[in-house]
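Biologist: Can you walk me through the packing and the charge pairs in this one? I have the sequence and the coordinates open.

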Amino acid sequence: MTAVPSFALLDIEGTTLPVSFVHKVLFPYARKALPGLIHDRADDPVVKSALAEIRREFPDQELLQQLFSWMDQDAKVAPLKALQGLAWEEGYASGDLEATLFPDVPGVLKAWQGAGIGMAVYSSGSAKAQKLIYRHTTDGDLTGLFSAFIDLEAGGKKDPASYRRIREKLECPAEEIVFFSDVVAELDAAREAGFQTCQIARPEDGTVPGTGHPVAPDLAQAARLCGLPDA
């Protein structure tokens with residue numbers, strides 16, 4: 001590390017939240033909820049817009065079949081993300097959904113806040129879905145810790161240009177931002193844009209440590225590697 005970072009940019013899956021929560025809890029919940037949601041909220045502008053986009057692109061495909069196909073592929077497409085977001089919003093509001101972060105995460109994030117370190121989230125899930133996760137955690141509402149929730153509107157996570165846009169949004173020099181992710185290709189892109197980087201290789205998720213970046217098994221040890229408070 002060339003300097004102590006003043007800003008932390010955080011991935012979600014595999015970094016602050018187990019991958020299993022997304023794939024074993026959120027995705028199945030949305031899959032079960034989507035048929036009823038599409039029927040019951042047919043006049044909702046978000047639903048109407050998402051379905052219209054699917055019809056334009058796949059005029060001969062049944063809507064739910066296309067949505068389920070995208071879900072099977074873990075496709076990062078706007079209509080699916082919008083509808084999943086609505087389903088999850090209902091699930092969190094009803095108490096059916098609650099996010100359990102890795103146990104080291106809340107304490108580290110609060111320590112960073114206390115030390116004046118800025119924080120933002122960058123994930124392939126929509127900004128709305130990101131906020132839902134951090135608003136409804138077993139540790140309470142943590143959304144106030146973050147100054148920004150950034151999704152793929154900034155660009156793909158493996159594209160260096162995305163991180164340049166994020167730097168402009170955060171109004172922080174690239175060399176003062178450290179990006180934490182479990183995916184080496186994302187870290188490579190961030191580093192090319194001038195960011196500091198650290199891979200979170202959590203044994204619980206079976207993440208394989210890569211090369212070219214500092215590696216830590218959890219956020220607390222990653223903080224120490226980067227010269228940040230660890231709790």
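**Core, rings and charges**

Modeller: This is a predicted model. Its largest nonpolar core has 58 residues, and the ones with the most contacts inside that core are W88, L109, W112, Y134, F146, F180 and L219.

Biologist: Which helix gives the largest share of this core?

Modeller: That is α1, with eight residues.

Biologist: What does F180 touch?

Modeller: Leaving out residues up to four places away in sequence, F180 touches A8, L9, L10, D11, T15, W112, C198, I200, L219, A222, C226 and L228.

Biologist: And is there a second core, or what else is there?

Modeller: There is a second, separate core of 19 residues, and Y163, I166, I177 and A193 are among them.

Biologist: On to the rings. How many aromatic pairs are there?

Modeller: The count comes to 10 aromatic pairs. One of them is W112 with F180, a stacked pair at 5.5 Å centre to centre with 25° between the planes. W112 is in helix α5 and F180 in strand β4, so the pair ties together parts that are 68 residues apart in sequence.

Biologist: W112 and F180, buried or exposed?

Modeller: W112 is buried, at a relative accessible area of 0%. F180 is buried too, also with 0%.

Biologist: What about Y122 and F179, how are those rings arranged?

Modeller: Their centres are 6.4 Å apart and the planes are at 45°, so the pair is tilted. Y122 sits in strand β2 (residues 118-122) and F179 in strand β4, 57 residues apart, so this pair links distant parts of the chain as well. Y122 is buried, with a relative accessible area of 0%, and F179 counts as buried at 0% relative accessibility.

Biologist: Which residues are in the ring cluster?

Modeller: Ring pairs link Y122, Y163, F179 and F195 into a cluster.

Biologist: What lies over the face of Y122?

Modeller: K157 does, at 5.4 Å from the ring centre. Elsewhere, the charged end of R31 sits over the ring of F68, 4.5 Å from its centre.

Biologist: Salt bridges next. How many does the structure hold?

Modeller: The structure holds 11 salt bridges. K157 comes back here, in a salt-bridge network with D11 and E186.

Biologist: Which side chains does R41 meet in salt bridges?

Modeller: R41 meets D44 in a salt bridge, at 2.8 Å from N to O. R41 also meets E90, again at 2.8 Å, N to O.

Biologist: How accessible are R41, D44 and E90?

Modeller: R41 counts as partly exposed, at 23% relative accessibility. D44 is at 17% and counts as buried. E90 is at 35%, so that one counts as partly exposed.

Biologist: And which residue does D104 meet in a salt bridge?

Modeller: D104 meets R202, at 3.0 Å from N to O. D104 is in the loop between α4 and α5 (105-114), R202 is in the loop between β5 and β6 (215-216), and they are 98 residues apart. D104 is buried, with a relative accessible area of 18%, and R202 counts as buried at 0% relative accessibility.

Biologist: You mentioned E186. Which residues of α8 are buried?

Modeller: In helix α8 (residues 184-192), E186, L187, A189 and A190 are buried. They cover an arc of only 160° around the axis, which puts them on the same side of α8.

Biologist: What do the buried residues of α8 pack against?

Modeller: They pack against α7 (160-170), β4 (177-181) and β5 (196-200).

Biologist: What follows α8?

Modeller: G194 follows α8, and the phi of G194 is positive, near 100°.

Biologist: Last one: Q66. Where is it, and buried or exposed?

Modeller: Q66 is in helix α3 (residues 63-73). Q66 is buried, with a relative accessible area of 5%.

Biologist: What is Q66 in contact with?

Modeller: Apart from its neighbours within four places in sequence, Q66 is in contact with I54, F58 and Q61.

How values were computed: Residues are numbered from 1 along each chain as its sequence is written. This is a predicted model: local features need pLDDT of at least 70, side-chain atom pairs count only at pLDDT 80 or more; totals for chains, interfaces and linings use all residues. Side-chain values use heavy atoms; hydrogens and water are left out. Buried means under 20% relative accessible area, exposed over 50%, partly exposed in between (1.4 Å probe, protein chains only). Helices (H or I, at least four residues) and strands (E, at least two) are DSSP runs, numbered from the N terminus. The arc is that of the directions from the helix axis to the C-beta atoms. Contact means heavy atoms within 4.5 Å. A salt bridge is a side-chain nitrogen of Lys or Arg within 4 Å of a carboxyl oxygen of Asp or Glu. A nonpolar core is a set of buried Ala, Val, Leu, Ile, Met, Phe, Trp, Tyr and Cys residues joined through side-chain atoms within 4.5 Å. Rings of Phe, Tyr and Trp (its six-membered ring) pair if their centres lie within 6.5 Å; planes under 30 degrees apart count as stacked, over 60 as edge-to-face and the rest as tilted. A charge sits over a ring if NZ of Lys or CZ of Arg is within 6 Å of the ring centre and within 35 degrees of the ring normal.
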